[in-house]
There are 2 protein chains.
Amino acid sequence: MLNNVQRELPDDLMKELRYQPFKTVEIGHPEIQRAAPKVTVDQGHAKLVSSIEAVIKKVGLKDGMTISFHHHFREGDYVFNAVMQILIDQGFKGLTLAPSSLTNVMNKMVVKAIKAGVVTHITSSGMRGELGDLVSHGGLENPVILRSHGNRARAIESGDIKIDVAFLGVPNSDEVGNANAIKGNAVFGSLGYALIDAQYADKVVLLTDTLMPYPNTPASIKQTQVDYVVKVDKVGDPEKIGSGATRFTKDPKELKIAEMVNAVITHSPYFKQGFSFQTGSGGAALAVTRYLRESMLKKSITASFALGGITKPTVDLLNEGLVGKILDVQDFDKGAADSMAITENQQEIDASWYADPNNKGAAVNQLDVCILSALEIDTKFNVNVMTGSDGVLRGAIGGHQDAANAKLTIISAPIVRGRIATVVDDVTTIVTPGDSIDVLVTELGIAINPKRKDLLKSLVNIPGVPVFTIEQLRQKAAKIVGQAAPLAFTDKPVALIEYRDGTLMDVVYQVKD
Amino acid sequence: MLNNVQRELPDDLMKELRYQPFKTVEIGHPEIQRAAPKVTVDQGHAKLVSSIEAVIKKVGLKDGMTISFHHHFREGDYVFNAVMQILIDQGFKGLTLAPSSLTNVMNKMVVKAIKAGVVTHITSSGMRGELGDLVSHGGLENPVILRSHGNRARAIESGDIKIDVAFLGVPNSDEVGNANAIKGNAVFGSLGYALIDAQYADKVVLLTDTLMPYPNTPASIKQTQVDYVVKVDKVGDPEKIGSGATRFTKDPKELKIAEMVNAVITHSPYFKQGFSFQTGSGGAALAVTRYLRESMLKKSITASFALGGITKPTVDLLNEGLVGKILDVQDFDKGAADSMAITENQQEIDASWYADPNNKGAAVNQLDVCILSALEIDTKFNVNVMTGSDGVLRGAIGGHQDAANAKLTIISAPIVRGRIATVVDDVTTIVTPGDSIDVLVTELGIAINPKRKDLLKSLVNIPGVPVFTIEQLRQKAAKIVGQAAPLAFTDKPVALIEYRDGTLMDVVYQVKD
């Protein structure tokens with residue numbers, strides 16, 4: 001069966017997993033019966049447990065169950081590996097792993113768990129490194145299900161993901177489970193993704209190294225939601241929570257792209273008093289934030305809010321009065337994480353509020369401008385942020401599909417990377433459909449999605465910003481690096497890319513060696 | 001059938017409404033499948049509606065549905081009457097009214113709605129005045145179901161109450177439903193009870209007189225939960241939100257009782273560094289708070305938290321450093337309501353966090369000392385706060401059953417009121433079972449529940465606090481006012497008193513004229 005982005009979907013898999021094919025980026029008004037946890041009532045008098053081993057017994061974890069984690073500690077996470085090692089040691093089998101995402105520090109452990117048969121199913125926002133390699137080479141029998149952050153919230157809220165036990169590391173908690181992420185040794189700011197697990201998992205285990213007196217407030221996670229609290233030595237390495245995301249780029253190509261991205265924003269009809277934006281993480285994003293700041297100062301324009309994963313430079317805009325509020329679902333660096341405790345208008349939001357397409361209105365629906373990256377973008381403006389040029393899993397959907405819901409969605413990417421074209425005829429894997437992408441910005445110039453004719457007038461005559469068709473940009477890329485040989489895959493699906501509404505967008509197949 | 005407090009329960013009604021008889025104040029560890037709303041998905045672009053009439057059409061309200069309101073505006077509520085008048089005008093029939101409670105300002109309108117057949121079922125925390133009269137005289141065909149605040153949260157969370165449409169007045173909201181109660185013209189502080197409705201109702205309508213720019217934070221109610229926002233002229237009268245609750249008593253009898261209550265607290269084993277308390281509202285409660293303050297200063301003891309409905313004197317203790325945190329489910333006066341915006345440690349909590357017996361641990365489970373009132377208390381320490389000496393409904397359960405969960409639960413009451421005994425052989429209506437009451441304090445002296453022999457040592461020799469058996473106090477009351485003639489009731493049940501776990505505690509029958 002072909003879906004509406006012309007991807008062939010295997011009929012048997014569609015049937016087995018009850019998938020509908022991707023149709024449209026319009027969500028409409030379906031009626032959704034929400035799911036709800038099965039709660040084991042407790043008066044909260046003896047929640048404190050002294051070890052992970054003990055708590056695994058207490059929650060009644062069994063083979064075949066679904067367990068979850070969050071990835072807010074990013075590369076500084078100690079909780080995931082500690083819990084998983086014990087599950088491996090105890091010989092659990094057939095677990096479904098349903099974390100909000102998998103960071104590099106978790107890869108080795110997941111590989112080990114897969115090889116031991118402990119983990120047989122995975123749903124995540126992404127995967128990289130040796131885990132991506134293993135899965136792409138057919139090392140996991142069942143295809144990984146890859147979901148955006150908003151889609152994970154949707155899936156949990158509707159029951160598509162049913163979490164039996166959530167293991168949630170927190171920088172602090174009291175003995176009955178009132179917890180936040182703004183105090184303690186390994187502060188990460190917003191608990192955004194974990195809040196959904198705390199609300200919907202049947203059993204919720206908090207792991208913390210910092211016990212606070214009762215009642216611990218603010219309580220992002222509440223005592224009403226928590227079954228057990230485990231005191232561990234260290235939940236994470238605060239120095240690695242923000243690693244790799246905060247360096248301001250000095251690469252002239254990245255700076256040029258950032259300057260053009262800013263020019264597109266500031267010449268668009270959306271750059272006006274009270275506009276809103278999401279810039280994301282990475283050196284190029286930080287550069288955009290810097291240029292945007294200068295433009296806002298020059299034009300005396302302030303933003304009503306900034307959204308998404310948050311960095312220190314965005315917090316600086318808030319403190320400078322250039323941004324009214326920050327809606328913060330995760331913090332990409334220590335500066336943003338630390339500021340949450342002292343910055344009233346840096347509001348923690350959960351993943352549903354951020355981006356669930358199936359609620360009564362998420363923050364992404366109010367977003368004016370959004371800047372996203374791409375591994376590949378094709379002439380239909382479809383974007384791949386999941387598979388590399390070798391067809392191997394090495395990315396994450398993150399909030400990509402979700403934030404692309406903005407009124408002006410800009411893909412910022414170099415025209416080629418090394419010997420690899422970024423702009424191509426057809427992306428290897430479609431993550432975000434071209435219908436939600438408005439402008440591509442490369443160092444050579446920009447391409448405007450033909451569906452956005454309304455943008456032409458304001459964007460065609462920006463000094464220093466040449467406008468091309470996306471086909472012209474593809475040709476320029478091909479001229480630089482030549483046409484890549486087609487990739488060879490087996491017919492075994494190794495990963496399924498859902499759209500944010502839970503329909504099937506694309507299938508990633510096992511690479512042929 | 002007799003339940004464990006020896007109340008005869010009508011078998012047919014038990015069967016029809018699938019009630020279990022009240023057994024014990026111990027909640028245990030049942031597994032509860034939580035309920036969840038049916039959500040109509042929306043991207044939040046057109047939630048603002050110009051009139052109540054229009055929103056009633058948009059939410060698809062139908063005869064027989066269940067509607068809810070909160071009572072945080074107390075006697076200053078404009079929202080309830082405005083909505084109900086329109087439902088009457090439009091000729092709706094057979095609605096179930098499920099507010100968090102009914103205040104006096106709503107009485108006339110509910111009577112009108114009952115007489116018009118618009119409302120045929122009611123569940124509430126209490127009822128008074130002409131509404132209590134009407135129901136007690138058989139004016140509503142189906143018995144009212146009376147639940148504590150914690151039990152209402154339990155009932156909604158488990159699906160015993162299924163709210164089709166919640167009409168929630170808020171002092172402010174943005175156009176997509178991010179709302180709080182700490183800014184605006186009619187600030188009432190904590191949205192505690194309404195938060196459950198916002199989370200569990202299929203359709204949620206906010207009514208406000210103050211629209212804020214997006215994104216409005218803090219968002220006690222979130223855009224993800226709200227279907228429509230109606231702009232009205234005025235949601236409430238801020239002067240009447242705290243009416244009647246804040247006067248400090250000058251009645252020497254009340255002051256004497258308050259002084260003895262304080263003596264009981266301070267001589268008990270619970271009065272130590274880090275203790276916690278709930279004092280409630282009313283002049284006598286405020287007097288207790290004043291005496292308690294003096295004792296805390298004298299002994300250099302500070303409390304970890306104060307809980308419940310909050311008054312200005314409790315906020316003063318917080319600001320003075322005598323109380324560490326306030327867990328605030330509702331505010332009884334303007335001072336407490338206004339302070340929430342500026343007082344970091346005055347934490348808004350929802351009704352589930354406050355007192356739901358069927359979650360993973362509510363705040364009342366952590367409570368050391370609690371002072372409650374009584375219309376009647378009997379020699380088994382059972383307490384009536386619902387029916388008057390004429391058998392007519394004139395009270396509210398409120399958090400009575402819930403807070404009685406404290407380690408030291410004190411009933412503070414005069415031995416007689418006018419010509420009516422407070423201490424009796426058998427209360428007219430059992431609301432809170434004697435098993436959860438520890439000490440009765442009257443102006444003549446105290447009685448200690450014989451089940452609390454452990455308290456005897458610390459409480460028997462307090463200077464100026466005579467100790468009696470409760471039978472002795474009953475005799476003293478009878479000596480003053482004589483034995484009341486037994487009340488005459490028909491066999492028509494007009495109200496059912498649930499215990500907080502949803503079992504049946506008592507039945508109120510129609511009074512005989």
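**The interface between the domains**

Author: In this predicted model, chain A is divided into domain 1, residues 51–241, and domain 2, residues 252–487. The centres of domain 1 of chain A and domain 2 of chain A, taken over C-alpha atoms, are separated by 29 Å. Where they touch, 36 residues of domain 1 of chain A are in contact with 32 residues of domain 2 of chain A, and between them the two domains bury about 2600 Å², of which 57% lies on carbon and sulfur atoms. The count of salt bridges between domain 1 of chain A and domain 2 of chain A is zero, whereas 16 residue pairs, both at pLDDT 80 or more, are found in polar contact across the interface.

On the side of domain 1 of chain A that touches domain 2 of chain A, at least two residues each are supplied by β7 (126–127), α5, α6 (149–158), α7 (194–200) and α8 (238–241) of chain A; the largest share, six residues, comes from α6(A). By class, the residues of this side divide into 13 nonpolar, 16 polar and seven charged.

One of these contributors, helix α5 of chain A (residues 129–136), also packs with helix α4 of chain A (residues 107–115), at an angle of about 30° and with their axes 7 Å apart. From α4(A), the contact is made by A:Asn107, A:Lys108, A:Val110, A:Val111, A:Ile114 and A:Lys115, and from α5(A) by A:Gly129, A:Glu130, A:Leu131 and A:Leu134. This contact of α4(A) with α5(A) has five nonpolar, two polar and three charged residues.

Notes: Residues numbered from 1 in each chain as written. Chains lettered and ligands numbered in written order. Predicted model: local features only at pLDDT ≥ 70, side-chain atom pairs only at ≥ 80, totals over all residues. Heavy atoms only, no water. Axes fitted to C-alpha atoms, helices over the stretch in contact; angles between N-to-C directions. Helix = DSSP H or I, 4+ residues; strand = E, 2+ residues; numbered from the N terminus. Contact = heavy atoms within 4.5 Å. Nonpolar A, V, L, I, M, F, W, Y, C, P; charged D, E, K, R; others polar. Domains from an automatic or database assignment. Buried area = accessible area lost by both parts, 1.4 Å probe. Salt bridge = Lys/Arg side-chain N within 4 Å of Asp/Glu carboxyl O. Polar contact = N/O pair within 3.5 Å; in protein donor to acceptor, adjacent residues only side chain to side chain.
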